[in-house]
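Morning, everyone. I have one structure for you today. Here it comes.

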Amino acid sequence: MKFIGTRGTDEKKSFSEVILNPAAPNGGLYVPEKLPKIDERYLLKFFDDMNTKTYRHIARSILRKFKVDLDDDLIEKSLYTYLRNFDHEDVVPLVRLKNFYVAELWHGPTRAFKDMALQPFGVILSKLAQQRGENYLILAATSGDTGPATLKTFENRENIKVVCIYPHEGTSEVQKLQMITTDAKNEKVLGILGDFDDAQSALKNLLKDEEFKKTLQENDIKLSAANSVNFGRIIFQIVYHFWSYIRLLSDYEIEMGEKIDVVIPSGNFGNALGAYYAKKMGLPIDKIVIASNKNNVLYELITYGRYDLRDKRLIKTISPAMDILKSSNVERMIFDKFGEERTKELMSSLEKEGYFELTKEELEKIKEDFIADFATDGESEEIIRRYAKNEFYLLDPHTATAVKAYEYLKEKGKLGDNKVIVYSTAEWTKFAPSIYYALTGEDVNREIAELEERSAISDKDAIAYIEAHLKEKAPEMILELFNKEITNENIIPKEKIKEEIIEFIKN
Ligand SMILES: *Cc1c(COP(=O)(O)O)cnc(C)c1O
């Protein structure tokens, strides 16, 4: 399987090449030249002996379908992380609620869906670097979940160094502790005095900085990336869509070939793109429901066919992993539907004018696969409270946006009678204060203008409250964070980022 760029291609690349060097020519992204196809026979093969088939079997089979240029041994090693570092034997368990199924993508070590791809990805990147005798630096700006998952997967891995930059006061306490308690020698965590945008633009400037590039060269270090711009992440985000379908089959919840709808809390559109690719490969998915929070650029794109950043600024919400205005993976979907020339045109318009608009026909094509909705914080809190009370199921604030989208679209008659899977992207323990406020009802229907005020209750106390009042138990890896030694806390002004990183790579 070869990969081409969404904005033109110099030469086609292999899977391992696009993992190591994820940026395609002209600012584009790499996509598979052609998606592999599967049919019912393929699904039946798993269905027939699901008792002996595990998540890893399906993952291995999908990687083979893509004909990735990795040794079998390396593939096995990477997939072994699902066995060793996830705390559920299904890896992605499906929970049945009254009207739909919840697929829990957060049973990995950092309790959010980023582990699904980053766990195997870390093994692969490090091994490829070793095989080539090369050293790589991964720079990650994080608003909360990518940072911990990136640090976790590269912990003490050879030939890889990681620098993780987060806004000092912009993440949840649990997320911050997950980062600053890391003590791997190959990792550096920088908390900057600024917000996520500052962290991201500091990184962007750094990548253009001549002195920085020279230092990298002198120290024989190349740059890679672990965000969902890297196709190495996307491929693992295709797998669980297959898994969930096969699981429903083997539990006799659906019949072979029966179409289902999936609902996905979306930010950078990586998870949703995985569903789209799975559908294109032949998985019987009907509608992919995109759920946003108040930063609803994806909702506008899918509903009205326009991507308009001109009058928008980022709004802080209780679902921070979805607080995104420039959703990178939309480009891969646009390319798949409308081709290279149109992608270039639209992306250039977005970059230059902060705006693009699809034709009516183009919008119709998007609506064949997608439908969207968004939730305010008040609506998400109402959902969290109601499901805790009526279904005894705790939703995190991201997953709550998806449940709201499902309920709303269903009620409006915009979804048919297909069975529905809602993808749950984080465990409640990562956002305990928001859950606490949702449950106690203090803030329902209030827009969160004063998010800061909410830190009135600490994560630790919120977790304790929830454990005491509901039949929930936070996992050990979250609880132990509160007693762990802080070994990697470096709070710096953003002007000092370059200096800190240079010093780190020289050592
Ligand atoms: C990253 C993340 C998302 C958004 O996923 P995308 O693939 O970027 O759309 C949603 N929820 C949580 C909890 C996340 O960490």
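**Helix pair, then ligand**

Start with helix α9, residues 210-218, and helix α20, residues 497-506: they pack at about 10°, axes 10 Å apart. Helices are DSSP runs of H or I, at least four residues, numbered from the N terminus. Axes are lines fitted to C-alpha atoms over the stretch in contact, and angles run from 0 to 180 degrees between N-to-C directions. So α9 is roughly parallel to α20, a label for angles under 35 degrees.

Who makes the contact (heavy atoms within 4.5 Å)? From α9, Glu211, Phe212, Thr215 and Leu216; from α20, Lys498, Ile501, Ile502, Ile505 and Lys506. That splits into five nonpolar, one polar and three charged.

Quick caveats. This is a predicted model: local features need pLDDT of at least 70, side-chain atom pairs 80 or more, while totals for chains, interfaces and linings use all residues. Numbering runs from 1 along each chain as its sequence is written, and side-chain values use heavy atoms, without hydrogens and water.

Now the ligand. A polar side-chain atom of Asp145 sits 2.6 Å from a ligand oxygen. For Thr425, a polar side-chain atom lies 2.8 Å from a ligand nitrogen. Both are N or O pairs within 3.5 Å.

Terms used: Polar contact = N/O pair within 3.5 Å; in protein donor to acceptor, adjacent residues only side chain to side chain. Helix = DSSP H or I, 4+ residues; strand = E, 2+ residues; numbered from the N terminus. Parallel < 35°, antiparallel > 145°, perpendicular 65-115°, else oblique. Contact = heavy atoms within 4.5 Å. Nonpolar A, V, L, I, M, F, W, Y, C, P; charged D, E, K, R; others polar.
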